[in-house]
Amino acid sequence: MFSSDDTIVAIATPPGRGGIGVVRLSGACARDLVFQVVTRREALAPREATLTKVSVREAGTSRGSDHAIVTWFPAPHSYTGEHVVEISTHGSPVVLREIVRALVAAGARLARPGEFTLRAFLNARIDLAQAEAVADLIDAATPLQAQTAFDQLEGTLSARIRALDQSLLDLIARLEASLDFPDEGFHFIEPRDVVERVSELVSDLNELLSHEARGRLIREGATVVIAGRVNAGKSSLFNALIGRERAIVTDVPGTTRDLVTETMDLEGLAITLVDTAGERETQDPVEREGVLRAARARDIADLTLIVIDSGQVLTDEDRRLLESSSPARLVVASKADREPQWHMDEAVRVSTLANIGIGGLKDAMRRALTNEERLKDPAPLSNLRHVLLLKEARATLMRVSAAIAQSTPEEFVLVDLQRARTNLAEVVGVGSSDETLDYIFSHFCIGK
Ligand SMILES: Nc1nc2c(ncn2[C@@H]2O[C@H](COP(=O)(O)OP(=O)(O)O)[C@@H](O)[C@H]2O)c(=O)[nH]1
Ligand SMILES: [Mg+2]
């Protein structure tokens with residue numbers, strides 16, 4: 001079980017130096033513990049930024065001093081629902097660490113990853129879908145990912161889940177009443193009404209689940225691998241797509257020997273772009289390992305860009321790559337500034353030297369990944385855990401419709417309706433197991 005009767009502490013700002021660093025305390029003793037590290041002796045006013053100084057001492061020796069702004073958020077009106085104190089100092093890792101060390105010496109405990117947000121969930125400040133949205137927001141690499149996460153943090157998904165649950169609950173209550181008062185000669189709900197209500201619920205779930213593919217693509221991003229022969233212009237293309245000179249470009253064949261990876265924003269999609277070693281037979285053990293890694297990268301890619309030099313006739317290696325590539329591929333005719341030596345209808349012509357076709361290639365990549373013209377709206381549903389639970393609820397409800405058609409006794413129908421409710425409840429974390437919570441929150445960063 002999770003314990004939340006102690007006071008936890010962590011540095012809430014990212015590791016390293018910065019303009020400001022924040023230490024966060026949460027728990028019953030937060031308000032008292034802060035006086036172990038600040039010079040101010042008077043009580044703190046709630047939710048008021050107070051200028052004071054930090055002074056950390058150990059065995060009479062000073063271990064760290066700084067100016068500080070301290071803010072106390074009294075329970076229950078805080079992020080976690082407990083007493084929270086935030087100490088903002090200059091972002092010196094040394095001073096921040098000393099503050100945390102002193103607070104631990106005074107009785108606080110180092111927070112585990114995500115433990116502040118876990119407490120917010122346990123204290124019902126937010127539900128589980130919202131807590132997961134906090135992690136998604138922090139992890140977002142594109143504005144579209146961030147907006148999708150923020151909408152869910154605001155409770156858009158939770159509200160829809162609650163509405164579905166409310167209809168289910170209402171249906172269950174009516175069915176139970178019909179069972180409890182069978183002699184009243186009055187049916188609280190007719191079987192055909194149950195079927196109608198259930199099919200409404202199924203179509204609501206269908207609507208929500210229709211955003212699954214788009215939502216997951218927004219949240220999880222996609223991996224795009226650049227493949228092709230040596231010197232085809234792969235690294236030049238990689239640099240042109242990410243917009244800076246990251247990979248080494250030379251006319252020496254076999255320059256790229258390892259996988260080079262960068263994240264790019266493809267109109268909202270977080271793309272992990274991978275440049276690879278060029279295909280060729282080689283005796284060099286390092287380059288051979290690079291070629292192996294390139295093949296493995298192609299295996300896991302959501303999309304492969306097969307780069308072929310326009311200015312050279314197709315070789316067996318080019319043909320092999322084209323034949324062995326999965327359908328999720330785009331053929332890129334590189335060095336399109338040269339006299340073309342081959343033609344393929346599907347090829348996207350690009351020249352990094354003459355700056356031709358990069359925009360068109362990005363369009364083609366986005367279409368290949370999304371099957372959509374544009375991907376501009378945030379998705380109401382994006383997390384695989386939620387998707388699986390909602391699909392389970394939908395399958396159960398469809399079973400209910402079939403059962404009623406076969407005049408199955410209402411008791412059995414009720415069991416399935418309850419089961420569907422359990423699935424919905426798990427999305428927002430009601431009745432979630434400790435293992436589920438542990439798994440979700442252990443993927444947070446420390447201090448969140
Ligand atoms: N003419 C022309 N040369 C290019 C173009 N892109 C790359 N190159 C040249 O082709 C050579 C190999 O490029 P590189 O990107 O390292 O290819 P890689 O081995 O496939 O990664 C270099 O000399 C580049 O300057 C292009 O669009 N046009
Ligand atoms: Mg290269």
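Helix axes here are lines fitted to C-alpha atoms over the stretch in contact, and the angles between them run from 0 to 180 degrees, taken between N-to-C directions. With that in hand, here are some close-ups of what is a predicted model.

**Figure 1. Helices α4 and α5 cross at roughly 155 degrees.** Here we look at α4, residues 128-139, and α5, residues 143-153, whose axes come within 8 Å. Angles over 145 degrees count as roughly antiparallel, so that is the label for α4 and α5. The crossing is left-handed. On the α4 side you'll find Gln130, Ala133, Val134, Asp136 and Leu137, and these meet Ala146, Ala149, Phe150, Gln152 and Leu153 of α5. Sort the residues of this contact by type and you get seven nonpolar, two polar and one charged.

**Figure 2. Helix α6 meets helix α14.** The axes of α6 (residues 156-180) and α14 (residues 410-427) come within 10 Å and cross at roughly 160 degrees. That makes the two helices roughly antiparallel, and α6 passes α14 in a left-handed crossing. By type, the contact of α6 with α14 divides into 15 nonpolar residues, one polar and five charged.

**Figure 3. Helix α8 crosses helix α13.** This view takes in α8, residues 212-220, and α13, residues 384-405. Their axes come within 10 Å, with a crossing angle of roughly 160 degrees, which means that α8 is roughly antiparallel to α13. Once again the word is left-handed, this time for the crossing of α8 and α13.

**Figure 4. Helix α11 has buried residues along one face.** In α11, residues 316-324, the buried residues are Asp318, Leu321 and Leu322. Look down the helix axis and they fall within an arc of 100 degrees, so they line one face of α11. The face turned away from that buried side carries Asp316, Glu323 and Ser324, which are exposed. As for what covers the buried residues, the list includes β7 (222-228), α10 (285-300), β10 (303-309) and β11 (329-334).

**Figure 5. A cis peptide bond joins Ala75 to Pro76.** Most residues other than glycine have a negative phi, and most peptide bonds are trans. The bond from Ala75 to Pro76 is cis, with omega near 0 degrees. To find the spot, follow the loop between β4 (61-73) and β5 (84-91), where Pro76 lies.

**Figure 6. Ala124 and its positive phi.** Phi of Ala124 is near 60 degrees, a positive value in a residue that isn't glycine. Ala124 sits in the loop between α3 (115-122) and α4. Its relative accessibility is 64%, so Ala124 counts as exposed.

**Figure 7. Lys335, another residue with a positive phi.** Lys335 isn't a glycine either, yet its phi is about 50 degrees. Look for Lys335 in the loop between β11 and β12 (348-349). With a relative accessibility of 23%, Lys335 counts as partly exposed.

Note on methods. Residues are numbered from 1 along each chain as its sequence is written. Chains are lettered from A and ligands numbered from 1 in the order in which they are written. This is a predicted model: local features need pLDDT of at least 70, side-chain atom pairs count only at pLDDT 80 or more; totals for chains, interfaces and linings use all residues. Side-chain values use heavy atoms; hydrogens and water are left out. Helices (H or I, at least four residues) and strands (E, at least two) are DSSP runs, numbered from the N terminus. Angles under 35 degrees count as roughly parallel, over 145 as roughly antiparallel, 65 to 115 as roughly perpendicular and the rest as oblique. A crossing is left-handed if the near helix is turned anticlockwise from the far one by less than a right angle, and right-handed if clockwise. Buried means under 20% relative accessible area, exposed over 50%, partly exposed in between (1.4 Å probe, protein chains only). The arc is that of the directions from the helix axis to the C-beta atoms. Contact means heavy atoms within 4.5 Å. Ala, Val, Leu, Ile, Met, Phe, Trp, Tyr, Cys and Pro count as nonpolar, Asp, Glu, Lys and Arg as charged, and the others, Gly among them, as polar.
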